[in-house]
Amino acid sequence: MNMEHFPFAVRLLGFAPHEADDVADLLRRAPVQGPRYFCLSAHSLQEPDLLIVNGDEIKALAALAALSSGDLRPALIVGASELDVPYPCVGRPLAADALHVELAQLVGRRADALADLTAAGVAPPAERRLRERLDFDLTDPSEYEALRRNGTRGAVLVVGRNAALSAHLARLLLRYRIPVEWAGSEAAAIALCVARPVSVVLLNTSLEGVDAYRLCAALKNAGGPLTPAVVLLVAPPFIYDAERARAAGAEGLLDKPVADHHLRAVLKKLMGIA
């Protein structure tokens with residue numbers, strides 16, 4: 001069993017807000033020696049590693065059929081479902097020990113499934129697409145050159161307090177030949193989007209003195225070579241306002257910390273080819 005060590009992203013399906021908060025609290029109380037977890041926000045663009053589903057909600061169970069990928073994206077049912085579902089279940093009232101035992105088993109199954117794919121030379125299933133996207137697995141240099149000549153790709157711009165994330169992302173995307181820029185202020189971010197093509201902006205909401213929604217709208221309307229997709233990078237105590245984000249033109253959010261494979265997955269969705 002080759003278990004990953006980053007926090008696992010969990011999507012909750014079918015829970016009322018108060019119960020979702022209770023589940024999230026239990027996830028934060030994971031045993032020190034076991035896997036760690038965090039719940040994705042409702043508007044997060046990030047793909048989940050695991051799914052926890054309210055077994056009393058038929059709509060949630062129906063959604064699960066489209067979201068689960070077997071052992072690659074395993075699911076846990078909370079409560080006794082009236083349907084015969086092929087997923088492990090944990091009863092109510094939900095206890096922390098029972099929850100974490102079941103989740104650890106799912107994490108182990110996920111790691112084994114990914115290891116089997118790697119050993120067989122098979123790529124994991126593709127993420128659900130929001131639009132036509134750039135193939136990040138291109139190996140023919142002529143295809144890269146054609147894409148570059150067509151001008152369909154701009155840079156990824158990281159807006160934040162320092163250049164640490166942009167430097168990391170530049171290393172992560174080096175083999176894909178995607179330029180990465182950094183801006184430490186509102187004015188610098190707008191100026192960069194005006195001066196050169198930017199496809200995606202990752203806007204860190206912890207940047208002091210900056211209204212993330214106002215800056216998002218300004219970047220969308222900067223009038224540069226491209227209109228960028230803007231994603232908010234969110235961590236407490238920032239509270240995501242879905243209505244303001246939608247009005248500003250934001251694509252959605254990513255909960256921090258974001259694992260490398262989730263960053264790549266989101267960029268695959270957003271960096272489409274016209």
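A search of the whole structure, a predicted model, finds 11 salt bridges, each defined as a side-chain nitrogen of Lys or Arg within 4 Å of a carboxyl oxygen of Asp or Glu. Local features need pLDDT of at least 70, side-chain atom pairs count only at pLDDT 80 or more, and totals for chains, interfaces and linings use all residues. Residues are numbered from 1 along each chain as its sequence is written, and side-chain values use heavy atoms, with hydrogens and water left out.

One of the salt bridges joins Glu-47 and Lys-269, with the closest N and O atoms 2.2 Å apart. Glu-47 lies in the loop between strands E2 (37–39) and E3 (50–54) and Lys-269 in helix H9 (residues 260–270), so the pair ties together parts 222 residues apart in sequence. Helices (H or I, at least four residues) and strands (E, at least two) are DSSP runs, numbered from the N terminus. Both Glu-47 and Lys-269 are buried (under 20% relative accessible area; exposed is over 50%, partly exposed in between; 1.4 Å probe, protein chains only).

A salt bridge also links Arg-214 to Glu-186 (2.9 Å, N to O). Because Arg-214 belongs to helix H7 (residues 212–220) and Glu-186 to helix H6 (residues 186–195), this pair ties together parts 28 residues apart in sequence. Arg-214 is partly exposed, at 45% relative accessible area.

Asp-211 pairs with Arg-244 in a salt bridge, the closest N and O atoms being 3.1 Å apart. Asp-211 is located in the loop between strand E8 (198–204) and H7, and Arg-244 in helix H8 (residues 242–248), so parts 33 residues apart in sequence are tied together. Asp-211 is partly exposed, with a relative accessible area of 26%, and Arg-244 is partly exposed at 38%.
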